[in-house]
Amino acid sequence: MVAQKLPSPLHRAVLAAATFLICSSLVLLTGCGPQGDRKMTVLEPPVRDESEALSLDRVDRIDGLLTFDWISEDEVLSKAVEAPQGSYVIRHLQSGIAQPTSLQAKATADVSYDQKHLFLLDDLSASMVTLETNQILPLAIGDDHVSWIIREAHGAWVDNQTYLLPIVRGKNEYGVAFVKTDGTVIPLSLPIAEQPILKAFAKQDHLYLLDAEQKLWIVEKTNLAARVLREQVADFALSPDGATLAIAAHSAADEITLFFTSPSGEETGTLVAKGRVLQQLSWSPDSQRLAFTAFSLGQGMSGLFVIDAKTGSTLPLSTHSNLESPIIWSPTGRQLFVSESDRYSEDGSAHTTIFRLTSQ
(Lines give C-alpha, C1' and ligand atoms only; values in the text may rest on other atoms or scores of the structure.)
Protein backbone atom coordinates (compact mmCIF):
# COMPACT_ATOMS: atom_id res chain seq x y z
CA MET A 1 0.00 0.00 0.00
CA VAL A 2 1.42 3.37 -0.97
CA ALA A 3 0.17 6.42 0.92
CA GLN A 4 0.36 9.95 -0.41
CA LYS A 5 0.51 12.62 2.30
CA LEU A 6 -1.36 15.64 1.08
CA PRO A 7 -0.64 19.32 1.82
CA SER A 8 -1.78 20.80 5.12
CA PRO A 9 -5.14 22.64 5.31
CA LEU A 10 -3.31 26.01 5.46
CA HIS A 11 -1.23 25.13 2.42
CA ARG A 12 -4.34 24.02 0.54
CA ALA A 13 -6.12 27.25 1.45
CA VAL A 14 -3.24 29.34 0.10
CA LEU A 15 -3.15 27.32 -3.12
CA ALA A 16 -6.91 27.59 -3.52
CA ALA A 17 -6.85 31.37 -3.05
CA ALA A 18 -4.04 31.76 -5.55
CA THR A 19 -5.84 29.61 -8.09
CA PHE A 20 -9.02 31.63 -7.62
CA LEU A 21 -7.24 34.92 -8.23
CA ILE A 22 -5.52 33.61 -11.32
CA CYS A 23 -8.66 32.18 -12.85
CA SER A 24 -10.73 35.21 -11.73
CA SER A 25 -14.10 33.71 -12.43
CA LEU A 26 -17.11 33.01 -10.25
CA VAL A 27 -18.74 30.78 -12.82
CA LEU A 28 -15.87 28.58 -14.02
CA LEU A 29 -13.69 26.45 -11.79
CA THR A 30 -10.66 25.84 -14.01
CA GLY A 31 -7.46 23.91 -13.81
CA CYS A 32 -5.81 26.83 -15.64
CA GLY A 33 -3.83 24.41 -17.82
CA PRO A 34 -2.48 25.13 -21.28
CA GLN A 35 -5.11 26.28 -23.74
CA GLY A 36 -7.65 26.05 -20.91
CA ASP A 37 -8.24 22.38 -21.74
CA ARG A 38 -8.73 21.27 -18.13
CA LYS A 39 -11.72 22.95 -16.61
CA MET A 40 -15.02 21.95 -15.16
CA THR A 41 -17.92 24.29 -15.73
CA VAL A 42 -20.04 24.75 -12.63
CA LEU A 43 -23.35 26.45 -13.25
CA GLU A 44 -25.22 28.50 -10.64
CA PRO A 45 -22.77 27.73 -7.81
CA PRO A 46 -24.26 28.39 -4.36
CA VAL A 47 -22.37 30.27 -1.66
CA ARG A 48 -19.91 27.96 0.03
CA ASP A 49 -20.16 27.18 3.72
CA GLU A 50 -16.51 27.01 4.68
CA SER A 51 -17.36 25.57 8.10
CA GLU A 52 -18.42 22.36 6.35
CA ALA A 53 -15.66 22.31 3.75
CA LEU A 54 -14.50 18.86 2.69
CA SER A 55 -10.88 18.06 1.93
CA LEU A 56 -8.86 15.07 0.82
CA ASP A 57 -6.81 13.67 3.70
CA ARG A 58 -4.86 10.92 1.95
CA VAL A 59 -4.82 8.53 -0.98
CA ASP A 60 -3.87 4.86 -0.69
CA ARG A 61 -3.20 2.70 -3.72
CA ILE A 62 -3.16 -1.09 -3.38
CA ASP A 63 -1.63 -2.83 -6.39
CA GLY A 64 -2.65 -6.31 -7.43
CA LEU A 65 -6.03 -6.11 -5.70
CA LEU A 66 -9.47 -5.91 -7.29
CA THR A 67 -12.01 -4.65 -4.74
CA PHE A 68 -15.79 -5.02 -4.91
CA ASP A 69 -17.39 -3.50 -1.81
CA TRP A 70 -17.03 -2.53 1.84
CA ILE A 71 -17.55 -5.12 4.58
CA SER A 72 -17.04 -2.50 7.31
CA GLU A 73 -15.42 0.91 7.60
CA ASP A 74 -11.98 -0.71 7.66
CA GLU A 75 -12.57 -3.92 5.68
CA VAL A 76 -13.15 -4.48 1.97
CA LEU A 77 -14.18 -7.50 -0.08
CA SER A 78 -11.46 -8.10 -2.65
CA LYS A 79 -9.74 -10.59 -4.93
CA ALA A 80 -6.05 -10.92 -5.64
CA VAL A 81 -5.25 -10.50 -9.33
CA GLU A 82 -2.78 -13.39 -9.35
CA ALA A 83 -5.67 -15.74 -8.52
CA PRO A 84 -8.24 -15.00 -11.26
CA GLN A 85 -10.26 -18.12 -10.41
CA GLY A 86 -9.69 -17.79 -6.71
CA SER A 87 -11.82 -16.85 -3.73
CA TYR A 88 -12.69 -13.55 -2.16
CA VAL A 89 -10.59 -12.19 0.66
CA ILE A 90 -11.56 -9.71 3.33
CA ARG A 91 -8.73 -7.20 3.55
CA HIS A 92 -8.18 -5.16 6.68
CA LEU A 93 -7.02 -1.75 5.48
CA GLN A 94 -5.10 -0.69 8.56
CA SER A 95 -3.11 -3.89 9.03
CA GLY A 96 -3.02 -5.00 5.38
CA ILE A 97 -3.99 -8.53 6.43
CA ALA A 98 -6.14 -10.41 3.92
CA GLN A 99 -8.45 -12.99 5.47
CA PRO A 100 -9.41 -15.73 2.99
CA THR A 101 -13.03 -16.78 2.50
CA SER A 102 -14.62 -19.89 1.01
CA LEU A 103 -16.59 -17.82 -1.52
CA GLN A 104 -15.46 -18.14 -5.13
CA ALA A 105 -15.04 -14.71 -6.69
CA LYS A 106 -17.56 -13.58 -9.30
CA ALA A 107 -17.65 -10.65 -11.70
CA THR A 108 -19.54 -8.37 -9.30
CA ALA A 109 -20.40 -8.42 -5.61
CA ASP A 110 -22.81 -6.09 -3.82
CA VAL A 111 -22.98 -6.02 0.00
CA SER A 112 -26.27 -5.15 1.72
CA TYR A 113 -26.58 -1.95 3.75
CA ASP A 114 -26.26 -3.83 7.04
CA GLN A 115 -23.26 -5.85 5.75
CA LYS A 116 -25.06 -9.16 6.44
CA HIS A 117 -25.74 -10.36 2.90
CA LEU A 118 -23.96 -10.40 -0.43
CA PHE A 119 -25.42 -10.51 -3.93
CA LEU A 120 -23.11 -12.14 -6.47
CA LEU A 121 -23.47 -11.81 -10.23
CA ASP A 122 -21.55 -13.46 -13.05
CA ASP A 123 -22.06 -13.92 -16.77
CA LEU A 124 -24.38 -16.90 -16.39
CA SER A 125 -25.23 -17.04 -12.71
CA ALA A 126 -26.37 -15.07 -9.69
CA SER A 127 -26.69 -15.98 -6.03
CA MET A 128 -27.54 -14.60 -2.60
CA VAL A 129 -25.04 -15.17 0.21
CA THR A 130 -25.44 -14.88 3.98
CA LEU A 131 -22.06 -13.58 5.12
CA GLU A 132 -22.20 -14.89 8.68
CA THR A 133 -22.60 -18.51 7.54
CA ASN A 134 -21.46 -18.28 3.90
CA GLN A 135 -24.70 -19.94 2.89
CA ILE A 136 -25.11 -19.63 -0.90
CA LEU A 137 -28.55 -19.59 -2.52
CA PRO A 138 -28.22 -19.73 -6.34
CA LEU A 139 -30.90 -18.12 -8.49
CA ALA A 140 -32.83 -20.39 -10.80
CA ILE A 141 -32.03 -19.12 -14.31
CA GLY A 142 -33.59 -20.43 -17.48
CA ASP A 143 -37.19 -20.81 -16.32
CA ASP A 144 -40.20 -18.62 -16.97
CA HIS A 145 -39.37 -16.29 -14.07
CA VAL A 146 -35.78 -15.44 -15.03
CA SER A 147 -34.73 -16.53 -18.52
CA TRP A 148 -31.52 -14.53 -18.63
CA ILE A 149 -29.47 -11.99 -16.69
CA ILE A 150 -28.20 -8.81 -18.30
CA ARG A 151 -24.57 -8.93 -17.22
CA GLU A 152 -23.83 -5.28 -18.03
CA ALA A 153 -26.85 -4.02 -16.07
CA HIS A 154 -26.63 -2.51 -12.60
CA GLY A 155 -29.04 -3.53 -9.87
CA ALA A 156 -29.27 -2.25 -6.29
CA TRP A 157 -30.34 -3.19 -2.80
CA VAL A 158 -33.89 -2.02 -2.07
CA ASP A 159 -33.44 -2.67 1.66
CA ASN A 160 -31.52 -5.16 3.79
CA GLN A 161 -33.70 -8.06 2.64
CA THR A 162 -34.29 -7.34 -1.06
CA TYR A 163 -32.14 -6.83 -4.15
CA LEU A 164 -33.49 -5.35 -7.40
CA LEU A 165 -32.10 -7.13 -10.48
CA PRO A 166 -32.66 -6.35 -14.20
CA ILE A 167 -33.63 -9.55 -16.03
CA VAL A 168 -34.90 -11.00 -19.31
CA ARG A 169 -38.11 -13.05 -19.38
CA GLY A 170 -38.94 -15.25 -22.32
CA LYS A 171 -37.33 -14.21 -25.58
CA ASN A 172 -37.80 -10.46 -25.73
CA GLU A 173 -39.48 -9.34 -22.53
CA TYR A 174 -37.26 -7.20 -20.34
CA GLY A 175 -37.99 -6.40 -16.73
CA VAL A 176 -36.74 -6.60 -13.16
CA ALA A 177 -36.96 -9.06 -10.30
CA PHE A 178 -36.94 -8.66 -6.53
CA VAL A 179 -34.47 -11.16 -5.04
CA LYS A 180 -34.98 -11.88 -1.33
CA THR A 181 -32.21 -12.90 1.04
CA ASP A 182 -33.94 -16.27 1.50
CA GLY A 183 -33.53 -16.96 -2.22
CA THR A 184 -37.08 -16.10 -3.25
CA VAL A 185 -37.31 -14.43 -6.68
CA ILE A 186 -40.29 -12.23 -7.52
CA PRO A 187 -40.25 -11.12 -11.18
CA LEU A 188 -42.10 -7.96 -12.12
CA SER A 189 -43.70 -7.53 -15.54
CA LEU A 190 -43.24 -3.96 -16.70
CA PRO A 191 -45.23 -1.93 -19.22
CA ILE A 192 -41.88 -0.92 -20.72
CA ALA A 193 -40.66 -4.41 -21.68
CA GLU A 194 -39.30 -3.61 -25.15
CA GLN A 195 -35.84 -2.42 -24.09
CA PRO A 196 -33.25 -3.93 -21.71
CA ILE A 197 -32.98 -2.23 -18.32
CA LEU A 198 -29.39 -1.09 -17.81
CA LYS A 199 -29.76 0.41 -14.33
CA ALA A 200 -32.45 -0.12 -11.71
CA PHE A 201 -33.11 1.51 -8.36
CA ALA A 202 -36.09 1.37 -6.01
CA LYS A 203 -37.14 3.79 -3.29
CA GLN A 204 -40.37 3.64 -1.33
CA ASP A 205 -43.22 3.27 -3.85
CA HIS A 206 -41.28 3.90 -7.05
CA LEU A 207 -38.82 2.22 -9.37
CA TYR A 208 -36.25 4.21 -11.35
CA LEU A 209 -35.18 2.44 -14.53
CA LEU A 210 -32.71 3.47 -17.23
CA ASP A 211 -33.21 1.54 -20.47
CA ALA A 212 -30.99 0.86 -23.46
CA GLU A 213 -32.46 3.84 -25.35
CA GLN A 214 -31.21 6.13 -22.55
CA LYS A 215 -34.72 6.83 -21.29
CA LEU A 216 -35.08 7.26 -17.54
CA TRP A 217 -38.43 5.89 -16.36
CA ILE A 218 -40.26 6.17 -13.07
CA VAL A 219 -42.66 3.32 -12.35
CA GLU A 220 -45.18 3.15 -9.52
CA LYS A 221 -45.02 -0.16 -7.68
CA THR A 222 -48.74 -0.33 -6.92
CA ASN A 223 -50.24 0.04 -10.41
CA LEU A 224 -47.07 -0.12 -12.57
CA ALA A 225 -47.92 3.22 -14.16
CA ALA A 226 -44.82 4.36 -16.02
CA ARG A 227 -43.65 7.67 -17.45
CA VAL A 228 -40.42 9.02 -18.86
CA LEU A 229 -38.61 11.45 -16.58
CA ARG A 230 -35.90 12.33 -19.06
CA GLU A 231 -34.46 11.16 -22.36
CA GLN A 232 -30.82 11.00 -23.46
CA VAL A 233 -29.73 10.08 -19.92
CA ALA A 234 -26.16 8.83 -19.50
CA ASP A 235 -26.48 8.04 -15.78
CA PHE A 236 -28.62 8.77 -12.74
CA ALA A 237 -28.55 8.29 -8.97
CA LEU A 238 -31.20 8.86 -6.31
CA SER A 239 -29.91 9.97 -2.92
CA PRO A 240 -30.33 7.41 -0.10
CA ASP A 241 -32.86 9.65 1.67
CA GLY A 242 -34.89 9.82 -1.54
CA ALA A 243 -34.87 13.63 -1.59
CA THR A 244 -32.60 14.40 -4.56
CA LEU A 245 -32.31 12.85 -7.99
CA ALA A 246 -29.01 13.42 -9.80
CA ILE A 247 -29.19 13.08 -13.59
CA ALA A 248 -26.39 13.23 -16.14
CA ALA A 249 -27.98 13.83 -19.54
CA HIS A 250 -26.81 14.73 -23.03
CA SER A 251 -27.41 18.45 -23.54
CA ALA A 252 -25.47 19.08 -26.78
CA ALA A 253 -23.07 17.36 -29.13
CA ASP A 254 -20.25 15.87 -27.03
CA GLU A 255 -21.68 17.45 -23.89
CA ILE A 256 -23.32 15.95 -20.80
CA THR A 257 -24.88 18.11 -18.11
CA LEU A 258 -25.21 17.05 -14.48
CA PHE A 259 -28.11 18.49 -12.52
CA PHE A 260 -30.09 17.88 -9.32
CA THR A 261 -33.86 17.66 -9.35
CA SER A 262 -36.74 16.37 -7.24
CA PRO A 263 -37.44 12.61 -6.99
CA SER A 264 -40.40 13.04 -9.33
CA GLY A 265 -38.21 14.80 -11.89
CA GLU A 266 -40.90 17.40 -12.50
CA GLU A 267 -38.82 20.39 -11.44
CA THR A 268 -36.40 22.11 -13.80
CA GLY A 269 -33.55 21.23 -11.49
CA THR A 270 -30.30 22.87 -10.46
CA LEU A 271 -27.49 22.71 -13.00
CA VAL A 272 -24.25 21.53 -11.45
CA ALA A 273 -21.58 20.69 -14.04
CA LYS A 274 -20.96 19.66 -17.61
CA GLY A 275 -18.34 17.80 -19.59
CA ARG A 276 -17.91 15.58 -22.60
CA VAL A 277 -18.46 12.41 -20.57
CA LEU A 278 -19.88 12.41 -17.05
CA GLN A 279 -21.04 9.27 -15.26
CA GLN A 280 -20.59 6.78 -12.37
CA LEU A 281 -22.80 8.94 -10.14
CA SER A 282 -22.59 7.78 -6.52
CA TRP A 283 -24.20 9.33 -3.42
CA SER A 284 -22.61 9.27 0.02
CA PRO A 285 -24.65 7.32 2.62
CA ASP A 286 -25.79 10.55 4.33
CA SER A 287 -27.06 11.98 0.99
CA GLN A 288 -24.94 15.12 1.38
CA ARG A 289 -22.38 14.54 -1.34
CA LEU A 290 -22.26 13.11 -4.84
CA ALA A 291 -19.16 11.55 -6.37
CA PHE A 292 -18.78 11.26 -10.13
CA THR A 293 -16.18 10.86 -12.84
CA ALA A 294 -15.79 13.19 -15.81
CA PHE A 295 -13.79 13.31 -19.01
CA SER A 296 -13.37 16.08 -21.53
CA LEU A 297 -10.87 17.16 -24.12
CA GLY A 298 -11.92 20.78 -24.04
CA GLN A 299 -14.86 21.58 -21.78
CA GLY A 300 -14.47 19.90 -18.44
CA MET A 301 -11.74 18.72 -16.12
CA SER A 302 -11.05 15.02 -16.38
CA GLY A 303 -11.01 13.07 -13.16
CA LEU A 304 -12.90 12.07 -10.05
CA PHE A 305 -14.90 14.69 -8.13
CA VAL A 306 -17.07 15.02 -5.05
CA ILE A 307 -19.66 17.80 -4.90
CA ASP A 308 -21.58 18.99 -1.85
CA ALA A 309 -25.26 18.92 -2.78
CA LYS A 310 -26.12 21.84 -0.48
CA THR A 311 -23.20 24.23 -0.92
CA GLY A 312 -22.02 23.35 -4.43
CA SER A 313 -18.43 23.07 -3.20
CA THR A 314 -16.56 20.73 -5.54
CA LEU A 315 -13.54 18.71 -4.43
CA PRO A 316 -11.30 17.10 -7.09
CA LEU A 317 -9.93 13.76 -5.88
CA SER A 318 -7.99 12.57 -8.93
CA THR A 319 -7.16 13.68 -12.46
CA HIS A 320 -7.58 10.11 -13.66
CA SER A 321 -11.04 9.58 -15.17
CA ASN A 322 -12.03 5.94 -14.89
CA LEU A 323 -15.33 5.82 -16.74
CA GLU A 324 -16.05 2.11 -16.26
CA SER A 325 -15.39 1.38 -12.59
CA PRO A 326 -18.06 2.31 -10.02
CA ILE A 327 -17.31 4.66 -7.14
CA ILE A 328 -18.06 2.91 -3.83
CA TRP A 329 -18.56 4.85 -0.57
CA SER A 330 -17.72 3.39 2.83
CA PRO A 331 -20.57 2.93 5.36
CA THR A 332 -19.77 6.22 7.14
CA GLY A 333 -19.07 8.22 3.99
CA ARG A 334 -15.59 9.15 5.15
CA GLN A 335 -13.92 7.05 2.46
CA LEU A 336 -14.54 5.88 -1.08
CA PHE A 337 -12.68 3.68 -3.50
CA VAL A 338 -12.34 2.99 -7.20
CA SER A 339 -11.01 -0.40 -8.28
CA GLU A 340 -9.92 -1.08 -11.84
CA SER A 341 -8.26 -3.78 -13.89
CA ASP A 342 -6.35 -3.48 -17.13
CA ARG A 343 -8.11 -5.94 -19.40
CA TYR A 344 -5.54 -5.35 -22.13
CA SER A 345 -2.47 -6.18 -20.06
CA GLU A 346 -0.91 -9.62 -20.28
CA ASP A 347 -1.02 -10.21 -16.53
CA GLY A 348 -4.46 -8.66 -15.98
CA SER A 349 -3.01 -6.11 -13.59
CA ALA A 350 -5.39 -4.33 -11.24
CA HIS A 351 -5.30 -1.87 -8.39
CA THR A 352 -7.60 -0.25 -5.85
CA THR A 353 -7.39 3.42 -4.93
CA ILE A 354 -8.88 4.52 -1.62
CA PHE A 355 -9.61 8.20 -0.98
CA ARG A 356 -9.94 9.30 2.64
CA LEU A 357 -11.84 12.52 3.27
CA THR A 358 -11.99 14.92 6.18
CA SER A 359 -14.20 17.88 7.13
CA GLN A 360 -12.73 21.21 8.17
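This dialogue reads a predicted model from its overall make-up down to single residue pairs.

Trainee: What percentage of the residues is buried?

Mentor: Buried means under 20% relative accessible area, with exposed over 50% and partly exposed in between, for a 1.4 Å probe and protein chains only; by that rule, buried residues make up 46% of the 360 residues in the chain.

Trainee: Which residues have the most contacts inside the largest nonpolar core?

Mentor: A nonpolar core is a set of buried Ala, Val, Leu, Ile, Met, Phe, Trp, Tyr and Cys residues joined through side-chain atoms within 4.5 Å. The largest one has 16 residues, and those with the most contacts inside it are Ala246, Leu258, Phe260, Leu278, Leu281, Leu290 and Phe292. Among the elements that give two or more residues to this core are strand 23 (245–252), strand 24 (255–261) and strand 28 (303–308). A second, separate core of 15 residues includes Leu66, Phe68, Leu103 and Ala105.

Trainee: With which residues is leucine 258 in contact, leaving aside its neighbours within four places in sequence?

Mentor: Contact means heavy atoms within 4.5 Å, and the partners of leucine 258 beyond those neighbours include Ala246, Ile247, Thr270, Val272, Leu278, Leu290 and Phe292.

Trainee: What is the strand order of the open sheet of four strands?

Mentor: Two strands pair if DSSP finds at least two bridges between them, and in this open sheet the order is 18-19-20-21, with antiparallel pairing. Strand 18 (197–203) and strand 21 (226–230) are the edge strands, each pairing on one side only. Neighbouring strands of the sheet are turned by 25° against each other on average, direction ignored, where axes are lines fitted to C-alpha atoms, for helices over the stretch in contact, and angles run from 0 to 180 degrees between N-to-C directions. Six bridges join strand 18 to strand 19 (residues 206–211), and alanine 200 has leucine 209 in strand 19 as its bridge partner.

Trainee: Which residue takes a positive phi in the hairpin of strand 16 and strand 17?

Mentor: Strand 16 (residues 173–180) and strand 17 (residues 185–188) run antiparallel and are joined by four bridges, with isoleucine 186 in strand 17 as the bridge partner of phenylalanine 178. The hairpin has four residues between the strands, and there glycine 183 takes a positive phi near 95°.

Trainee: How many aromatic pairs does a search of the whole structure find?

Mentor: Rings of Phe, Tyr and Trp (its six-membered ring) pair if their centres lie within 6.5 Å, with planes under 30 degrees apart counted as stacked, over 60 as edge-to-face and the rest as tilted; the search finds six such pairs. Tryptophan 157 and tyrosine 163 form an edge-to-face pair, 5.4 Å centre to centre with 85° between the planes. Tryptophan 157 counts as buried because its relative accessibility is 3%, and tyrosine 163 counts as buried because its relative accessibility is 6%. Phenylalanine 292 and phenylalanine 305 form a stacked pair, 5.7 Å centre to centre with 25° between the planes.

Definitions and conventions. Residues are numbered from 1 along each chain as its sequence is written. This is a predicted model: local features need pLDDT of at least 70, side-chain atom pairs count only at pLDDT 80 or more; totals for chains, interfaces and linings use all residues. Side-chain values use heavy atoms; hydrogens and water are left out.
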